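Please view the sequence and the structure together while reading.

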Amino acid sequence: MADLGSAPIPPLGDDDHVRGEGRLTIVYGDLGCPYCAAEWGRIRDGGGRIAFRHFPIASKHPRAPALHAAAEAAGAQGAFFEFVDSLYADRARVDDPHLWERAERLGLELERFQRERRSDAVAARVRRDFESGIRAGVTSTPAVFTL
């Protein structure tokens, strides 16, 4: 896990996905990354506030862009972290039928989930996070900024 404590930290925005209270940790994660999945429980349960930002590395994890779009679509319905938690907990089931099952289990409106995960707005949101990570010096995931 890369700790980029000295890199220029992108400011926290109103639309960042944040949970918890206290000291802030900004995590750039790849939802297709086995290292991110292995570290997620420790990061999640470490206390404090967590801000998750998208950093899909499609060249290493071809399914990652679709997973990030699905998480962002779940977030539009208030279930971002629940969706992320479920993806990291069950990495073997990440194809579309499994994403629909997750969305259904979380009580999401499936038609809206489908529409939003394929939207230009979601693609732009994921790309914005990725580009902010590049500017901050992220080269691998998970990348952690602790404030």
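Which helix gives the largest share of the lining of the second largest pocket? That helix is α6 (residues 120–136), which supplies 5 residues.

## Basis of the report

The model is predicted: local features need pLDDT of at least 70, side-chain atom pairs count only at pLDDT 80 or more, and totals for chains, interfaces and linings use all residues. Residues are numbered from 1 along each chain as its sequence is written, and side-chain values use heavy atoms, with hydrogens and water left out.

Helices (H or I, at least four residues) and strands (E, at least two) are DSSP runs, numbered from the N terminus.

## The second largest pocket

The second largest pocket holds about 150 Å³ of space. A pocket is an open set of points on a 1 Å grid over the protein atoms alone, where a 1.4 Å probe fits, with protein on both sides within 12 Å along at least five of seven lines; lining residues have an atom within 4 Å of a point. Points are joined across faces, edges and corners, and a volume is the space filled by probe spheres set on them.

The lining includes Pro 8, Pro 10, Pro 11, Arg 53, Arg 128, Asp 129 and Arg 135. By class it has 4 nonpolar, 2 polar and 6 charged residues. Here Ala, Val, Leu, Ile, Met, Phe, Trp, Tyr, Cys and Pro count as nonpolar, Asp, Glu, Lys and Arg as charged, and the others, Gly among them, as polar.

## The cavity

The model has 1 cavity of 30 Å³ or more; a cavity is a set of grid points where the probe fits but cannot get out. The largest cavity contains about 30 Å³ of space. Its lining consists of Asp 90, Arg 93, His 98, Glu 101, Arg 102 and Arg 105, which divide into no nonpolar, 1 polar and 5 charged residues.

## Helix packing around α2

Two packed helices are described by the angle between their axes and the distance between the axes. Axes are lines fitted to C-alpha atoms, for helices over the stretch in contact, and angles run from 0 to 180 degrees between N-to-C directions. Helix α2 (residues 64–75) packs with helix α3 (residues 80–89) at about 145°, their axes 7 Å apart. Contact means heavy atoms within 4.5 Å, and the residues making this contact include Leu 67 and Ala 71 of α2 and Phe 80, Phe 83 and Leu 87 of α3. The contact has 8 nonpolar, 1 polar and 1 charged residues.

The axes of α2 and α6 come within 9 Å and cross at roughly 110°. These two helices are therefore roughly perpendicular to each other (65 to 115 degrees). His 68, Ala 69 and Glu 72 in α2 meet Val 122, Arg 125 and Val 126 in α6, a set of 3 nonpolar, 1 polar and 2 charged residues.

## Beyond α6

The loop between α6 and β5 (143–146) contains Pro 142. Most peptide bonds are trans. The bond joining Thr 141 and Pro 142 is cis, with omega about -5°.

Key: Parallel < 35°, antiparallel > 145°, perpendicular 65-115°, else oblique.
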